[in-house]
Amino acid sequence: MSKPSYVQEYQAIVDVLNQYNEGGKQAKSSIMKPAFSEQATIFGVDADGKLSGGAIQGLFDTIDSAFRPSPEARGAIVNIDIVGTAASARIDTNDISGFCFTDFFNLLKVDGNWTVVSKIYHTHVAP
């Protein structure tokens, strides 16, 4: 069996990140959960400038209970960097429940599959 090419690795990461995007657009955590490790974390800064976050389950709970994407909501993968079995990525999302997000993901290739192990977000009000 040959070693996967950079293009194959890149596409595999795009597929994982698209699960996240689609789950956000549909406001269904069940669609995005497979993209994340069960041990994944999420962190950002709250309105008071304090660190906020913890276990990824908090994201899933918020998606299911409070996210209301507009029909025009879109998420775009802006950047992917791959170094061996580690990768980082950025996604910009517009108009999900009146907010825009810039999300930074850290991924690891575990047992041959890419998985998100952490997400750091920046939230701003949609125009």
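Visitor: Before we start, what are patches made of?
Guide: Patches are made of residues with over 30% relative accessible area and no salt bridge, and nonpolar side chains such as Phe, Leu and Ile are joined within 5 Å. Please keep in mind that what you see here is a predicted model.

Visitor: OK, so which residues make the nonpolar surface patch?
Guide: Phe43, Leu51, Phe104 and Ile120 make a nonpolar surface patch, and its area is about 390 Å².

Visitor: Where is Phe43 found, and how exposed is it?
Guide: Phe43 belongs to strand β1, and because its relative accessibility is 31%, Phe43 counts as partly exposed.

Visitor: And which strand does β1 form a hairpin with?
Guide: Strand β1 forms a hairpin with β2, with 5 residues between the two strands, and in the turn Gly49 has a positive phi of about 80 degrees. The two strands run antiparallel and are joined by 5 bridges, and if you look for Ile42, you will find it opposite Gly54 in β2.

Visitor: Zooming out, in what order do the strands form the sheet?
Guide: The open sheet is formed by 6 strands in the order β2-β1-β6-β5-β4-β3, and the pairing among them is mixed. At the edges stand β2 (51–55) and β3 (69–83), each of which has a single partner strand, so one side of each is left without a neighbour in the sheet. From one strand to the next, the twist averages 15 degrees.

Visitor: How do β5 and β6 run, and how many bridges join them?
Guide: Strands β5 and β6 run antiparallel, and 12 bridges join them. One example to look for is Leu108, whose bridge partner in β6 is Thr115.

Visitor: What about the helix, which strands does α1 lie across?
Guide: Helix α1 lies across β1 (36–45), β3, β4 (86–96), β5 and β6, and relative to β3 the helix runs at about 155 degrees.

Visitor: New topic: how many salt bridges does the structure hold?
Guide: There are 4 salt bridges in the structure, and we can go through some of them in turn.

Visitor: Start with Glu22, which residue does it form a salt bridge with?
Guide: Glu22 forms a salt bridge with Lys25, and their closest N and O atoms are 3.5 Å apart. Both residues lie in helix α1 (residues 6–26), where they are 3 residues apart, about one turn of the helix.

Visitor: Which residue meets Asp92 in a salt bridge?
Guide: The side chain of Asp92 meets that of Arg90 in a salt bridge, at 2.9 Å from N to O. Asp92 is partly exposed, with a relative accessible area of 24%, and Arg90 is also partly exposed, at 29% relative accessibility.

Visitor: Are Asp103 and Lys119 buried or exposed?
Guide: Asp103 is buried, since its relative accessible area is 0%, and Lys119 is buried as well, with a relative accessible area of 4%.

Key. Residues are numbered from 1 along each chain as its sequence is written. This is a predicted model: local features need pLDDT of at least 70, side-chain atom pairs count only at pLDDT 80 or more; totals for chains, interfaces and linings use all residues. Side-chain values use heavy atoms; hydrogens and water are left out. Helices (H or I, at least four residues) and strands (E, at least two) are DSSP runs, numbered from the N terminus. Buried means under 20% relative accessible area, exposed over 50%, partly exposed in between (1.4 Å probe, protein chains only). Two strands pair if DSSP finds at least two bridges between them. Axes are lines fitted to C-alpha atoms, for helices over the stretch in contact, and angles run from 0 to 180 degrees between N-to-C directions. Contact means heavy atoms within 4.5 Å. Patches are made of residues with over 30% relative accessible area and no salt bridge: like charges are joined within 9 Å, nonpolar side chains (Val, Leu, Ile, Met, Phe, Trp, Tyr) within 5 Å. Accessible areas come from the Shrake-Rupley method with a 1.4 Å probe; for residues, only the protein chains shown count as cover.
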